[in-house]
Amino acid sequence: GTSSNWLMCVATSLLLAGCAQTIPEPIERHLDLVGDVPLNRATQTPADYALLEVGIEIFTAPEKDSEDYEIGDWVFDEIIQKETQFLPHLLKNTLIDSNQWGAVRVIPESDPSLDLFIRGEIIQSNGKTLELQIQAFDSSGREWLNRVYADQSIQEEYPESTRFTLDDTFDAANFVEPFQDIYNRIANDLVAVRTSLGEQALVDLNLVTDMLYAGDLSPNNFSGAVKENADGLLVVDRVPALDDPMMARVADMKYRHHLFIDTVDEYYQTLYEDIQPAYVLWRRYSIDQITEIETSQQEAN
């Protein structure tokens, strides 16, 4: 299949690139590591107003200057491009596992029908260290998170074999993500912010989302429904009647729209499953190379 061909291509390219040692070099500075973080799971489903609809946008990564390219670097750029779509799915799975939210989707860009948005930038990723800049904000414009999350892994956290064959396939079901603590910390931080807002703020937030989506669908009918308050946040200024037929149509359109973005999310789910073996292979290769280089430097010293 396409994914197995890509996996073979990556594996071959890693071997060729290894001669040039073009793995991403660790960024030498102090990192505030998240450490061991258990996930805050809800023992019972939260109230409806707290079940916010979450969209995780495809991450970004710093662009590399063309003059910095070396032989074999293209394969790492290919992996980083896939990684920007892969890592959001790990966060999505963690939020779903926490049982704290409504629907959680990976999306290509911001969407007016959702309550909470998460954006991320991959600052550093080389198999040994993962460092992400994470921002989260809701539909009213309120910032929930804006901080760096970092952690480090060890070789033992990756499968022993880095040559996945028909007889030795990648065991996705039993593979534990080496950087799961990062995603647990992000998920826990989001729950902490939601708790701090209180019930009324979340009820108001749900209404803001509904009216923003209505305004996006029909600007003429819903102009002026949402305004900016003194704190720079969006609030609902004009609430339509409960029996307003336009709101019923908006609700129907929103339902259909969510079916569409569910399809987009399924695409990213398939991509995640296809590239996971190759991605784990790359990270294992990378951490092996980093460890070998560090060992050589220590022996030289």
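Residues are numbered from 1 along each chain as its sequence is written, and side-chain values use heavy atoms, with hydrogens and water left out.

- The protein chain averages a pLDDT of 86, and 85% of the residues score at least 70 (pLDDT is the predictor's confidence in each residue, from 0 to 100).
- Confidence is highest in helix α3 (residues 180-197), at 98, and lowest in helix α1 (residues 2-18), at a mean of 51.
- Over residues 15-21 the pLDDT stays under 50, and the model has 11 contacts beyond four places in sequence for them.
- Where pLDDT is low, the predicted coordinates should not be read in detail.

**Overall layout**

- The protein chain has 6 helices and 7 strands (helices are DSSP runs of H or I with at least four residues, strands are runs of E with at least two, and both are numbered from the N terminus).
- Along the sequence, the pattern goes α-β-α-β-β-β-β-α-α-α-β-β-α.
- Of the 301 residues of the protein chain, 44% count as buried.
- Among contacts with a separation of 6 or more, 77% come from residues 24 or more positions apart.

- The 18 residues of α3 should span 26 Å at 1.5 Å a residue, and the end C-alpha atoms are 26 Å apart, which agrees (the expected span is 1.5 Å times one less than the number of residues).
- Just after α3, G198 takes a positive phi of about 85°.
- Helix α4 (residues 199-217) has 19 residues and reaches 28 Å from its first C-alpha to its last, close to the 27 Å expected.
- In α4, the buried residues are L202, L205, V208, T209, M211, Y213 and A214.

**Nonpolar cores**

- In the largest nonpolar core, with 49 residues, the members that touch the most others are L87, L95, W101, I118, L132, W144 and L190 (a nonpolar core is a set of buried Ala, Val, Leu, Ile, Met, Phe, Trp, Tyr and Cys residues joined through side-chain atoms within 4.5 Å).
- Helix α6 supplies the largest share of this core, 9 residues.
- Apart from that core lies another, of 7 residues, among them M211, A214, F222 and V250.
- L95 touches V54, I56, Q100, W101, V104, I118, A187 and L190, not counting residues up to four places away in sequence.

**Rings and charges**

- The whole structure holds 7 aromatic pairs (rings of Phe, Tyr and Trp, the last by its six-membered ring, pair if their centres lie within 6.5 Å; planes under 30 degrees apart count as stacked, over 60 as edge-to-face and the rest as tilted).
- Y267 and Y268 make an edge-to-face pair, because their planes meet at 65° with the ring centres 5.1 Å apart.
- Y268 counts as buried, at 8% relative accessibility.
- F86, Y272, Y279 and W282 are linked into a cluster by ring pairs.
- R147 lies over the face of Y149, 4.0 Å from the ring centre (a charge sits over a ring if NZ of Lys or CZ of Arg is within 6 Å of the ring centre and within 35 degrees of the ring normal).
- R194 puts its charged end over the ring of W101, 4.7 Å from the centre.

**Two residues to look up**

- N99 is found in the loop between α2 (73-98) and β2 (104-107), and its phi is near 60°, a positive value in a residue other than glycine.
- Most residues other than glycine have a negative phi.
- N99 is partly exposed, at a relative accessible area of 33%.
- Q135 lies in strand β4 (residues 129-138) and is partly exposed, at 34%.
- The C-alpha atoms of Q135 and L145 are 5.0 Å apart, although 10 residues separate them along the chain.
- Leaving aside neighbours within four places in sequence, Q135 is in contact with F117, I118, R119, L145 and N146.

Technical notes
Predicted model: local features only at pLDDT ≥ 70, side-chain atom pairs only at ≥ 80, totals over all residues. Buried < 20%, exposed > 50% of the residue type's maximum accessible area, 1.4 Å probe, protein only. Contact = heavy atoms within 4.5 Å.
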